[in-house]
Amino acid sequence: MTDLVPLVIAAHGTRDAQGLAQTRAFADEVRAALPGVHVELGFVELAEPDVAGAVHNALAHIPDAVPSDEPELVVLPLMLNTGGHVNSDIPEFIEAGRDGHRVSYGGPLLPDPRVRQVLEERINAALAPADGPAWRADDTSLVLVGRGALTTRANAEHYRLTRYVGEEVGFAGAFPSFIQVVRPSVPEALTMAVDAGATQLLVGPNFLFRGRLRTWLSEQVDAWLETHPGIEVRISDVLGPSPLIAEVFADRYREQVGEPGNGDGAPVYLSGVRLAGRRVLVVGAGHVAERRIPRLLEAGARVHVVAPNAGIRVARLAEQGRVDWQQRGFTESDVDEVWFVLAASNDPEVNARVSAEAERQRVFCVRSDKSSDGTAYTPATEEAGGITVAVVGHRNPRRSVRVRDELLKALQV
Ligand SMILES: C[C@@]1(CC(=O)O)C2=NC(=C\c3[nH]c(c(CCC(=O)O)c3CC(=O)O)Cc3[nH]c(c(CC(=O)O)c3CCC(=O)O)/C=C3\N/C(=C\2)[C@@H](CCC(=O)O)[C@]3(C)CC(=O)O)/[C@H]1CCC(=O)O
Ligand SMILES: NC(=O)c1ccc[n+]([C@@H]2O[C@H](COP(=O)([O-])OP(=O)(O)OC[C@H]3O[C@@H](n4cnc5c(N)ncnc54)[C@H](O)[C@@H]3O)[C@@H](O)[C@H]2O)c1
């Protein structure tokens, strides 16, 4: 028996025996990275058990006393990017299998620079194979192959990744392509690269494991080569099982259970952030917001408030033109172009969306209702004699306030 929350890996599934073996090997790497955690593997399709079955099996391993505000089970998609499986299929399986238990569901693997590192290792291995001549990256163009999705963000992420890999490995050119759903297709991208002058092409599948997509890719490249004599093409290996990707996965698990050392419970890094002239977003205009906005204004921040209703103080600041108040609910694009975010609405779902979007855009965000899901804390702050005292503890604000006040007294003598 263990007192750690079990993990369900929600993988895609494949008919390809080698791909299935790779998936199982990956699950073993995750087990090695998370000692003591019971890990179940489930599939969205083409293999057994399905994710609902894996969730059901994992229920037997829930520890006896999980605090009521913590998850009893973590489910993570073993997928590179968002899309229909991540957004709909896996959540439906979780509903079907969880039997009333509290499940925390994390995000896909990308974007994480460690996954990109593994992709670049596979690509570099194909440039310099053990059994053939080494190719120089700057004589070669890259065609990076993504799965393709109905989700614009996932496709856009593939373009971004292509640019990164192209520059980091040092290719002469880098062309994104998709094996399914959207274009440019692989043959189209190969032709684009050749039209741009390339004669030596490295095709890099950004797929986790072997399977039908990888087989189609070889077939498409072979067919294209028949009509393009004189062009040389190499295809790199899929990402495959990798201890580094298992580490990323283990971190995703730790984020979900809020384990110390990974966010919650870890010490904060105090800085004096200089906000003069910089845009700051405050979501909510009630008690918490009105306590925090004056200090942001003192620091010279340009404060943008989004809230359907404002308390008297924030409404007055808006009338005076000292803050910009948009009288409506939060929308994700409010986070665009800001340097710092305070999620201070009284709706936990709204605060969760705010902090998720801030995380995505890599903007620090205080989440006032659930600090463990934010990336910054508000210290108990006061200024005296040209010195700013800021105290931050660990979710015990009243104690921080007491300590701050004692420090201020000491400064005054
Ligand atoms: C210091 C101060 C600065 C400021 O806000 O300016 C501050 N909280 C203050 C007041 C206060 N906070 C709370 C109450 C009502 C209850 C009570 O009285 O205890 C009151 C009193 C009031 O509101 O009057 C409840 C509360 N607070 C947090 C959670 C959520 C959670 O922990 O997950 C909940 C439960 C919410 C709920 O129940 O839903 C979280 C955080 N609050 C922090 C800072 C961050 C670092 C804390 C630290 O150093 O430990 C942190 C972690 C993140 C953040 O929000 O930045 C300010 C005193 C200013 C002053 O007096 O000068
Ligand atoms: N961290 C802290 O110091 C601390 C202290 C007290 C309370 N809290 C927590 O913070 C939350 C906010 O507390 P409060 O006292 O300021 O609440 P409040 O009720 O005074 O204000 C809530 C604000 O959220 C706004 N809001 C509601 N839905 C919104 C949406 N869709 N988009 C944008 N804004 C929206 C409301 O219009 C209102 O302005 C509470 O739910 C509580 O959990 C935190």
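Reply: Let us begin with polar contacts: a polar contact is a pair of N or O atoms within 3.5 Å. Please keep in mind that this is a predicted model.

Me: Which polar backbone atom lies 3.0 Å from a nitrogen atom of ligand 2?

Reply: That backbone atom belongs to Ser 368. Side chains take part as well: an N or O atom in the side chain of Arg 291 is 2.8 Å from an oxygen atom of ligand 2, and a polar side-chain atom of Arg 292 lies 3.2 Å from an oxygen atom of the ligand. Of the 860 Å² of accessible area that ligand 2 has on its own, the protein covers 69%.

Me: How many residues surround ligand 2, and how do they divide into nonpolar, polar and charged?

Reply: There are 20 residues around ligand 2, and Arg 291 and Asn 309 are among the closest. The shell consists of 9 nonpolar, 8 polar and 3 charged residues. Helix α9 (residues 287-298) supplies the largest share, 4 residues.

Me: How should I read the sheet, and in what order do its strands stand?

Reply: Two strands pair if at least two bridges are found between them. Here 4 strands form an open sheet with parallel pairing, in the order β2-β1-β3-β4. Because β2 (39-43) and β4 (103-105) stand at the edges with a single partner strand each, one side of each has no neighbour in the sheet. Strand β1 (residues 7-11) is joined to β2 by 5 bridges, and Leu 7 stands opposite Val 39 in β2.

Me: Which strands does helix α1 lie across?

Reply: Helix α1 (residues 17-33) lies across β1 and β2, at about 155° to β2.

Key:
Residues are numbered from 1 along each chain as its sequence is written. Chains are lettered from A and ligands numbered from 1 in the order in which they are written. This is a predicted model: local features need pLDDT of at least 70, side-chain atom pairs count only at pLDDT 80 or more; totals for chains, interfaces and linings use all residues. Side-chain values use heavy atoms; hydrogens and water are left out. Helices (H or I, at least four residues) and strands (E, at least two) are DSSP runs, numbered from the N terminus. Contact means heavy atoms within 4.5 Å. Axes are lines fitted to C-alpha atoms, for helices over the stretch in contact, and angles run from 0 to 180 degrees between N-to-C directions. A residue is near a molecule or strand if one of its heavy atoms lies within 4 Å of it. A polar contact is a pair of N or O atoms within 3.5 Å; within protein, one must be able to donate a hydrogen and the other to accept it, and residues adjacent in sequence count only if both atoms are side-chain atoms. Accessible areas come from the Shrake-Rupley method with a 1.4 Å probe; for residues, only the protein chains shown count as cover. Ala, Val, Leu, Ile, Met, Phe, Trp, Tyr, Cys and Pro count as nonpolar, Asp, Glu, Lys and Arg as charged, and the others, Gly among them, as polar.
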